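Please keep the viewer open as you read.

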Amino acid sequence: GERSVEVLVNNAGLSTLGPVAASDPEAEMGMVEVDVVAVVDLCSRLLPGMVDRGRGAVLNVASTAAFQPLPGQAGYGAGKAFVLSYTQSLAGELRGTGVTATTLCPGPVHTGFGERAGFSQEDAEAALPPVMWVSAEQVALAAVKGLDRGRLVVIPGRANRVAAAFAQVTPRSLLLPVLVKNHPGLQ
Ligand SMILES: NC(=O)c1ccc[n+]([C@@H]2O[C@H](COP(=O)([O-])OP(=O)(O)OC[C@H]3O[C@@H](n4cnc5c(N)ncnc54)[C@H](OP(=O)(O)O)[C@@H]3O)[C@@H](O)[C@H]2O)c1
């Protein structure tokens with residue numbers, strides 16, 4: 001029968017680690033498949049039904065990495081920037097339809113994500129100040145609240161909201177050397 005999805009959450013995601021010049025091409029493309037292609041696939045297949053029914057919600061999980069380039073995780077940062085831009089455009093297209101589109105942009109969260117990407121626990125913790133780490137529970141709560149209110153972008157944690165605001169306005173020529181110097185995947 002026809003599948004009717006009320007709420008679509010695109011949460012699956014992964015990152016590779018290290019410079020593109022030393023990457024495994026298959027792993028890079030696998031990441032784009034999950035982080036980008038699957039989001040486009042599911043949104044384009046499930047939104048028509050939501051719009052027809054006049055209700056529904058999409059929550060796409062990006063990252064604070066969406067607000068800046070991310071040398072050491074180039075494809076990941078670019079994929080999350082794609083998800084942010086794409087979901088904001090969806091929100092614009094969906095105005096007045098009863099369907100909402102929200103982008104969740106978490107900073108660092110202890111889930112095993114960093115370890116799966118290849119960061120050591122120490123590296124992951126050292127890379128970003130403790131004030132930026134938000135618990136998975138808090139992120140999930142902010143996400144559900146934001147989705148319920150039809151918010152455009154949800155960034156859990158005040159420090160992450162401030163960092164995201166700065167990342168967006170800092171000239172790339174100033175930002176890149178700092179990012180390169182501090183990224184554990186480039187040492
Ligand atoms: N943790 C962070 O610091 C952080 C920060 C910002 C954004 N995010 C984003 O948050 C989302 C969730 O990440 P997480 O922290 O919960 O990471 P996680 O603990 O590593 O979980 C990743 C999730 O993605 C799924 N997944 C991975 N590869 C897949 C594949 N090839 N096909 C289908 N599913 C796949 C996993 O499913 P299985 O368990 O079945 O493998 C799992 O449910 C991701 O989009 C991530 O980019 C995470």
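## Ground rules

Contact, or touching, here means heavy atoms within 4.5 Å. This is a predicted model, in which local features need pLDDT of at least 70 and side-chain atom pairs count only at pLDDT 80 or more, while totals for chains, interfaces and linings use all residues. Residues are numbered from 1 along each chain as its sequence is written, and side-chain values use heavy atoms, with hydrogens and water left out.

## Val 36 and helix α1

Val 36 sits in helix α1. Helices (H or I, at least four residues) and strands (E, at least two) are DSSP runs, numbered from the N terminus.

Is Val 36 buried or exposed? Val 36 counts as buried, at 12% relative accessibility. The classes are buried for under 20% relative accessible area, exposed for over 50%, and partly exposed in between (1.4 Å probe, protein chains only). The C-alpha atoms of Val 36 and Gly 13 are separated by 8.8 Å, and these residues are 23 apart along the chain.

## The ligand site

Around the ligand there are 16 residues, and the closest are Asn 11, Tyr 76, Val 109, Thr 111 and Arg 116.

A polar side-chain atom of Thr 111 is 2.6 Å from an oxygen atom of the ligand. For Tyr 76, an N or O atom of the side chain is 2.7 Å from a ligand oxygen, and for Lys 80 a polar side-chain atom lies 3.0 Å from an oxygen atom of the ligand. The protein covers 60% of the 890 Å² of accessible area that the ligand has on its own (Shrake-Rupley method with a 1.4 Å probe; for residues, only the protein chains shown count as cover).

## Lys 80, a buried charge

Lys 80 lies in helix α2 (residues 74-94) and is buried, yet has no salt bridge. Which side chain of opposite charge is nearest to Lys 80? It is Asp 35, 4.8 Å away. For charges, Lys and Arg count as positive and Asp and Glu as negative, with His and the chain ends not counted. A salt bridge is a side-chain nitrogen of Lys or Arg within 4 Å of a carboxyl oxygen of Asp or Glu.

Leaving aside residues up to four places away in sequence, Lys 80 touches Val 61, Ala 62, Ser 63 and Ala 66.

## Two salt bridges

By this rule the count comes to two salt bridges. One joins Glu 6 to Arg 55, with the closest N and O atoms 2.8 Å apart. Glu 6 lies in the segment before β1 (7-10) and Arg 55 in the loop between α1 (25-53) and β2 (56-61), so the pair ties together parts that are 49 residues apart in sequence. Glu 6 counts as partly exposed at 34% relative accessibility, and Arg 55 is also partly exposed, at 43%.

Asp 41 forms a salt bridge with Arg 45, where the closest N and O atoms are 2.4 Å apart. Both Asp 41 and Arg 45 lie in helix α1, four residues apart, about one turn of the helix. Asp 41 is partly exposed, with a relative accessible area of 31%, whereas Arg 45 is exposed at 60%.

## Strand β3: Thr 102 and Val 99

Thr 102 lies in strand β3 (residues 99-104) and is buried, with a relative accessible area of 0%. What does the side chain of Thr 102 reach? The backbone oxygen of Arg 151, at 2.6 Å. Beyond four places in sequence, the residues that Thr 102 touches include Val 58, Thr 87, Leu 147 and Val 154.

Val 99 also lies in strand β3 and is buried, with a relative accessible area of 5%. Setting aside neighbours within four places in sequence, Val 99 is in contact with Leu 47, Met 50, Val 51, Arg 55, Gly 56, Ala 57 and Leu 94.

Notes: Near = heavy atom within 4 Å. Polar contact = N/O pair within 3.5 Å; in protein donor to acceptor, adjacent residues only side chain to side chain.
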